[in-house]
Structure formats: structure tokens, C-alpha cells
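Me: I would like to go through this structure by question and answer. Please keep each reply brief.

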Amino acid sequence: MISINHLLKKFGNKTVLQTEQFNISKGKLTAFIGPNGAGKSTLLGMMSRLLAQDGGEILIEGLAINKIKTEKLAKQLSILKQSNHLNMRVTIKELVAFGRFPHSKGRLSKNDEQKISEAIEYVGLTDIAGKHIHELSGGQRQRAFIAMVIAQDTDYILLDEPLNNLDLRHAVEVMKLLRKLVDEAGKTVIVVLHDLNFASIYADEMVAMKSGNIVAVGKKNEMMDKTLLESLYDMPLTLKEYENNKICLHYH
């Protein structure tokens, strides 16, 4: 479990994030939702220690993350940032191998090689593992980066807007893959999402954010509330429920 306790982040004199206490469940897919500027990516960055805290604490399995050694944290938690630009010419396999660095320190063992192959197979890219990243479609490229964090073999996987710039088919592929990591591999996945329909279909729990504050935290069915979402996005919405309790949103 990850616990967020009265977290504070400032840029200069401006407070951009200020939370109360809440928990993120282990073994679930949790979506951070809310409008632009809500603080979702800022919170994710602090949870991964890419951004420093100005107050409060983040606990992972009861330990404050700012007191965990970097080497140990990298074996517990991995993050895929929103923009992943590589200036190097690398293949899928070489990219995925970067995920093993916390374990291998650059000297790959047979176990590392196996983890790399398993991660590539998991995302369905085995047949093109020798292709260079710049040759891939957007969906293939995103799956390759997800394979990299899978190879890191952490209990917690954080992703910042992984559906950015993907068409509908590739976005669905990515969300199904994240759902599979939770259901079959027992991972805890925390993802920043802008598309509420994807959140309503694939998430177990949601954290709703607005203007740097936590508006609500709860299970998906509790969070897909018309009044809550209209207040969150400052716009009228229509919620329609379909088979298997899937909810579709229509924007006015």
C-alpha cells in the first residue's frame, strides 16, 4: 500500500499541490483523474521521487520514500513518464534491458536476459524485438516502454498519461495490458488518465483531483457519480450504464 499524508508541493511561492491523507490500494489499478492543472502528474512525480516534497510524507509499505535508498526503491517502484524521447538508436530489446539496470548494474545475467525476453513477450513484441524504436508505430513504441518497466520487475508501476498521442485501438491495447498486469501478474498500477471512459472501464479505484487538491478517493463505481464528475470538470455530463457495469460518458 502507498499512503499519502498531507503532501505539499510549491513552485516558488505558489502552492501547486496540497493533499489530505489517503491510501492507494495494493494489487489494484488506480486512475488519477481530473482536469488539466489538477496536479495529477505532480503527485505522480513526487510518488516516484522525481519531484521533491515540500511537506508531508509518502509511505510505501510503511516506509517513507525519501528515506529509502535509491537502489532499493528502484526495485519496488518504476515509472513511465509522459514524454519518452530517446536520442540513441536502440532496439526494443536494448530499450527493455534498461529496465534491468537496478538489478544488473549494466552486466546482464541469464536471469536478466530471461526477464527481458519475458517482458517483450508479455507486450507482444517478440517477433520485432530487433527493430529500432524509431521504426515503430506509436502503439508499438508505447508497449516497448511498458515492457521496459515490466522488466524492472517492481510491485508498483506508475504511468503518466500513457495514452497520449495514441489512436483508439492502440489506447485500448495499452489499457488491456495494464489491466492484465494487475489481474495476472499481481502488480499495483497507478496511472494518470484524461479519458474518463477508459478510467470507468479499466480502473478499480480512482483519485479525483482539482486545482492541486484531492476531491475524492474511492472505488470506480462510487466515483462514477454525475454530481461529482460535473463538479470536477465544471461541465454537464450524461452517464449511461451498459452491460457488465461499464459506464460511458457523453460530454455536452
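Reply: A residue counts as buried when its relative accessible area is under 20%. The model discussed here is predicted.

Me: Are Phe198 and Tyr202 buried or exposed?
Reply: The cut-off for buried is under 20% relative accessible area. Phe198 falls in that class, and Tyr202 does too. For both residues the word is buried.

Me: How are the rings of Phe198 and Tyr202 arranged?
Reply: The structure holds one aromatic pair. The ring centres of Phe198 and Tyr202 lie 6.2 Å apart, and the planes make 25 degrees. Planes under 30 degrees apart count as stacked, so the pair is stacked.

Me: What separates Phe198 and Tyr202 along helix H8?
Reply: Helix H8 covers residues 196–202. Phe198 and Tyr202 are four residues apart in it, so the separation is about one helical turn.

Me: Which strands stand at the edges of the open sheet of six strands?
Reply: The strand order is S7-S8-S9-S4-S10-S11, with mixed pairing. An edge strand here has a single partner, so one side of it is left without a neighbour in the sheet. That applies to S7 (77–80) and S11 (213–219).

Me: Which residue of S8 is the bridge partner of Ile79?
Reply: S7 and S8 (residues 156–160) run parallel and are joined by four bridges. In S8, the partner of Ile79 is Leu158.

Me: Which strands does helix H7 touch, and what angle does its direction make with that of S9?
Reply: Helix H7 (residues 168–183) packs on the sheet. The strands it touches are S4 (29–33), S8 and S9 (188–192). With the direction of S9, the direction of H7 makes about 150 degrees.

Me: Why is helix H1 described as largely enclosed by the rest of the structure?
Reply: Helix H1 spans residues 40–47. Its buried residues include Lys40, Thr42 and Leu43. H1 is largely enclosed because the buried residues number seven of the eight.

Me: Where is His132 found, and which residues is it in contact with, leaving aside its neighbours within four places in sequence?
Reply: His132 lies in the loop between helix H5 (110–122) and helix H6 (138–152). Its relative accessibility is 18%, so it counts as buried. Leaving aside neighbours within four places in sequence, the contacts of His132 are Arg89, Val90 and Thr91.

Note on methods
Residues are numbered from 1 along each chain as its sequence is written. This is a predicted model: local features need pLDDT of at least 70, side-chain atom pairs count only at pLDDT 80 or more; totals for chains, interfaces and linings use all residues. Side-chain values use heavy atoms; hydrogens and water are left out. Rings of Phe, Tyr and Trp (its six-membered ring) pair if their centres lie within 6.5 Å; planes under 30 degrees apart count as stacked, over 60 as edge-to-face and the rest as tilted. Helices (H or I, at least four residues) and strands (E, at least two) are DSSP runs, numbered from the N terminus. Buried means under 20% relative accessible area, exposed over 50%, partly exposed in between (1.4 Å probe, protein chains only). Two strands pair if DSSP finds at least two bridges between them. Contact means heavy atoms within 4.5 Å. Axes are lines fitted to C-alpha atoms, for helices over the stretch in contact, and angles run from 0 to 180 degrees between N-to-C directions.
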